[in-house]
Each structure stands twice: as C-alpha cells, then as structure tokens.
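Hello,

Here is the structure I promised to pass on to you. Have a look at it first, and then read on for what turned up.

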Amino acid sequence: MIKDYGKRFYVTATGTTSATATKAATSGVVYYITDISASSDKAGAVISVKDGTTKIWEAITNTSYNHSFATPLAGTKGALVSITIDGTAACKANIAGISI
C-alpha cells in the first residue's frame with residue numbers, strides 16, 4: 001500500500017530564450033521537489049532550481065536533462081519553487097513534487 005504524504009504537484013513551461021516552471025507560493029505550505037526535467041536547443045544551457053529567489057540547485061546540459069531527487073529538495077514554508085532553463089529558440093522546464 002502506498003501512503004499519501006502530501007498533495008502532488010506538476011508544473012510545466014515552454015519558452016524561447018528561457019522557460020520557467022513555477023509552483024506559486026501558498027501560505028503555510030512547504031513544497032518538496034522530487035523530480036525535474038528540462039530541455040533546450042542551446043549547448044551548455046543552465047538549469048536552475050530556486051526556493052523563492054534563492055538558487056538551491058544548478059546543472060548544465062547540452063540537450064535534455066531529467067533528475068529524480070533521492071532526498072527531495074525542500075522549499076521554505078510559504079515560498080514558491082521554480083525551475084528555469086535558458087535557450088536560443090526553444091526550451092521546456094518541468095517540476096514535480098509534493099506539498100505539505
């Protein structure tokens with residue numbers, strides 16, 4: 001049996017020179033990021049994960065990137081979480097996790 005530890009969330013975004021998928025801030029709620037994925041047409045594209053305005057994780061990719069966090073990244077209570085990737089003409093960003 002799978003125990004439900006919180007409400008799941010999924011956010012996706014598409015852009016040209018950047019894409020930012022954001023889970024909006026909710027008072028009293030903590031977001032735990034379990035998975036991210038991003039793709040870009042730019043070689044050396046930077047992927048940044050933020051807790052509010054604070055960068056908490058970063059990577060560089062040449063095409064696409066998928067990552068599942070064995071220990072979820074925890075946001076600050078009441079703050080938004082987001083993932084951003086840069087590109088030249090096409091990029092996508094996806095973030096998933098649970099809210100408690």
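Leaving aside residues up to four places away in sequence, Ile-83 is in contact with Ala-19, Thr-20, Ala-21, Ile-36, Ser-37, Ala-38, Ile-47, Ser-48, Val-49, Ala-93, Asn-94 and Ile-95. Please keep in mind that this is a predicted model.

Ile-83 also belongs to the largest nonpolar core, which has 23 residues. Together with Ile-33, Ile-36, Trp-57, Ile-85 and Ile-95, Ile-83 touches the most other members of that core. Two or more core residues come from each of these strands: β1 (7–15), β2 (18–23), β3 (31–40), β4 (45–51), β5 (54–61), β6 (64–74), β7 (81–86) and β8 (91–99). Strand β3 contributes the most, with four residues. As general background, nonpolar side chains in soluble globular proteins tend to be buried together.

Now to the charged side chains. How many salt bridges does the structure hold? There are two. One joins the side chains of Lys-42 and Asp-86, at 2.6 Å from N to O. Because Lys-42 sits in the loop between β3 and β4 while Asp-86 is in strand β7, this pair ties together parts 44 residues apart in sequence. Lys-42 is partly exposed, at 28% relative accessibility.

A salt bridge also links Glu-58 with Lys-55, and their closest N and O atoms are 2.9 Å apart. Glu-58 is partly exposed, having a relative accessible area of 43%, and Lys-55 is partly exposed as well, at 45%.

Enjoy exploring it!

Best wishes

Technical notes:
Residues numbered from 1 in each chain as written. Predicted model: local features only at pLDDT ≥ 70, side-chain atom pairs only at ≥ 80, totals over all residues. Heavy atoms only, no water. Core = buried A, V, L, I, M, F, W, Y, C linked by side-chain atoms within 4.5 Å. Buried < 20%, exposed > 50% of the residue type's maximum accessible area, 1.4 Å probe, protein only. Contact = heavy atoms within 4.5 Å. Salt bridge = Lys/Arg side-chain N within 4 Å of Asp/Glu carboxyl O.
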